[in-house]
Amino acid sequence: MAELNTGDGGGKKGSKKVRSKKSNAKVDLTAMVDLAFLLITFFMLTTSLSKPQSMDLGLPDKEKPNEDKTDIKVDQRRTMTIIMGKDNKIKWFHGLLDSPEQGGAPADAVYGKNGIRKEILKRVTSIPQITGDKDKGMIVIIKPSKKSTYRNLVDILDEMAICNVPTYAIVNEITPEEQKLVDEMNK
């Protein structure tokens, strides 16, 4: 039991008068300690902690062995492919690699607002005008190579969120032609 003693328990020493001894006043602090723990518990349970900020990333379901793979045809005017290499290097092209769209031949880029973001923003605004349908926006295919880093992938995903790209996909398969671009980047 917690208690608080107040007073010294008697009169002055050396005084000639005999006084009756006063008992010490005691305050029981057990209830106060219980109340403090109850309040701490209450506030810990009722406050909302900061939630980690994350980006929603939809992943495909696992393939079933009997399921046929069907290639999805995408309008090449809407497609931009970003290939990531080692040492923070990026190559991108608009359309198909064999026949890129106007101004979309394979080019080097860097991360940031003066690099790949500038190219993405340019196409995010121009593609709905080209297709004539505001619902048919840009599609970005992100292809990380074996030498690229996880940080680079997160940086590209951040660029997708910053530029409000409506559709993007992370693809692990790199074609032999694209592998030549990767080898050229990694030199």
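I began at I82, which stands opposite W92 in β4; I take strands (E, at least two residues) and helices (H or I, at least four) as DSSP runs, numbered from the N terminus. The model is predicted, so I note that local features need pLDDT of at least 70 and side-chain atom pairs pLDDT 80 or more, while totals for chains, interfaces and linings use all residues. Residues are numbered from 1 along each chain as its sequence is written, and side-chain values use heavy atoms, with hydrogens and water left out.

I then looked up the pairing, for which DSSP must find at least two bridges between two strands: β3 and β4 (residues 90–94) run antiparallel over five bridges. They belong to an open, mixed sheet of five strands in the order β5-β4-β3-β6-β7, whose edge strands are β5 (107–109) and β7 (167–170).

Next I checked I83, also in β3 (residues 79–84), and found it buried (under 20% relative accessible area, 1.4 Å probe, protein chains only), at 0%. Leaving out residues up to four places away in sequence, I83 touches (heavy atoms within 4.5 Å) several residues, including K89, F93, K143 and E178.

Which residues have the most contacts inside the largest nonpolar core? I found I82, I116, I120 and I156, in a core of 20 residues; such a core joins buried Ala, Val, Leu, Ile, Met, Phe, Trp, Tyr and Cys residues through side-chain atoms within 4.5 Å. Another core, of five residues, lies apart from it and has I83, L181, V182 and M185 among its members.

Notes. Buried < 20%, exposed > 50% of the residue type's maximum accessible area, 1.4 Å probe, protein only.
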